[in-house]
Amino acid sequence: MILQALYDYYQRKCASADPAERLPAYGLEEKEIPFVLEITADGELVQLRDTRSQDGKKKVGRRYLVPQGVKRANGIAANLLWDNVEYVTGIDTRGKPERVVEQHAAFRARINALPESTQADTGLQAVQAYLDKIDPERLAQEPAFAEAKESNALMSFQLHGEPQLVCQRPTVASAAMAAGEPANDAPTARCLVTGQPAETERLHAAIKGVWGAQTVGANIVSFNLRAFESYGKRDRQGENAPVGKPAAFAYTTALNHLLGKGSRNRFQVGDASTVCWAEQQGEAVSEYDTLLADIFGHHDDPDAGVKAVTTLFDSVHSGRFDGTEGAARYFVLGLAPNAARISVRFFHTMTLAELAPRILQHFKDLQLKHGPSEPDYPSLFRLLTACAAQGKADNIPPNLGGAIVDAILADPNAPYPSLWLNAAVNRCRAEREVNYHRAAAIKACLNRSIRRHPQEKEFQPMLDLD
């Protein structure tokens, strides 16, 4: 269900009319390329161009659409027309000259393996001419090369005077996309995502952006030990969960996009990196894609959460969710690191008509009469930090935020985790202060418990003198 939902999201984004929202086609990916080798048609180096710009305290390279990168751990495997300094130039940066020779040979072999029709491309011939006579001393004269070599940075090629990279030229890009098509003799299986016969992806692309996971990415689908294998499928790991290459590309691209830096669809709940998105319903553009992230994330902008909750209240009361719009499904996926893999902390799917009352009930349970400086809809982050020692986010129990969101989405009457009530009470006792956020948390936890016993009376937003 998770992979199918991500696959559908990818298809929707691929068909987007807005180029800024459109996801790359099969065989391509968006990659940050800090340095570009600008060459002439004869293969002469013009300059090593630094594409980076200042972003806060660090420099960030420009992002380009390039052929999809290969998956490699300790082995040698080259990307097509882009890679790190060692692969592209054959210059050793880490004291392993023999290995660098093999890496550069693999980089050139990947280019030479392109179809004959692509080999006639002017840009590709320029790259081959440059690699035939590459001059490390000339390259070392470039001002940007020292930084590129020090970090073994990614680089690619561009013809002088052209706006696009060589790997973005139409003939080269078409060859990269066609490379993913199965060979005539390739074994196929029924894809678990699409239900159609397809060549099975053996190693799925890594998922990046999960807080606490490895920086190079981790896998949500993988098999590498006998304990994980079944029915004698030991030679090709992916056969245990046969996902076709196009579908594997689609779901990994979609999930990396949702988890990407600056994504409005992601928010952090404790140790769970959470993403949310809505199903496309008819011709209407799904304006609720970022609904949950606006409500439970963006703790640095509380106004965004208030606006999102207010909009949700208005939508429910105006009857917007009574028709087709309310039938659209909504997905919430919480991911947590687990060694080289990613574990699914929670996954909820429901219609918008089912989701809205659950969120509104959460805020009704928290509702208290308060002073003018306190928010009507306290953010989850402020509720959690109020119950943590010294009010620090680092002291929030790692599973607490995820358990609260899980309870909110599971059922409007589901009890909140007892850990939340205990934490709020303990902080009140330790600091001898019952502040607004702790009082709201205690009231919400108690009312959720009382609701399971209808004979008891729930606590109201203000003191009941009777």
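Predicted model: local features only at pLDDT ≥ 70, side-chain atom pairs only at ≥ 80, totals over all residues.
On the α3 side, the contact is made by His104, Phe107, Arg108, Ile111 and Asn112, while α5 brings in Leu124, Val127, Gln128, Leu131 and Asp132. Sorted by class, that contact has five nonpolar, three polar and two charged residues.

Another pair of helices meets at quite another angle. The axes of α1 (residues 2-14) and α9 (residues 245-259) come within 8 Å and cross at roughly 80°, and the two are therefore roughly perpendicular to each other. From α1, the residues involved are Leu3, Leu6, Tyr7, Tyr9, Tyr10 and Lys13. They meet a run of α9 residues, among them Ala247, Phe249, Tyr251, Leu255 and Leu258. This contact of α1 with α9 divides into 12 nonpolar residues, two polar and one charged.

Then there is the inside of the protein. In soluble globular proteins, nonpolar side chains tend to be buried together. Here the largest nonpolar core holds 52 residues, and Leu292, Ile295, Tyr330, Leu355 and Trp420 touch the most other members. Helix α13 (residues 352-366) gives the most to this core, putting in seven residues. Ile111 has come up already, as one of the α3 residues in contact with α5.

How values were computed
Residues numbered from 1 in each chain as written. Heavy atoms only, no water. Core = buried A, V, L, I, M, F, W, Y, C linked by side-chain atoms within 4.5 Å. Buried < 20%, exposed > 50% of the residue type's maximum accessible area, 1.4 Å probe, protein only. Helix = DSSP H or I, 4+ residues; strand = E, 2+ residues; numbered from the N terminus. Contact = heavy atoms within 4.5 Å. Nonpolar A, V, L, I, M, F, W, Y, C, P; charged D, E, K, R; others polar. Axes fitted to C-alpha atoms, helices over the stretch in contact; angles between N-to-C directions. Parallel < 35°, antiparallel > 145°, perpendicular 65-115°, else oblique.
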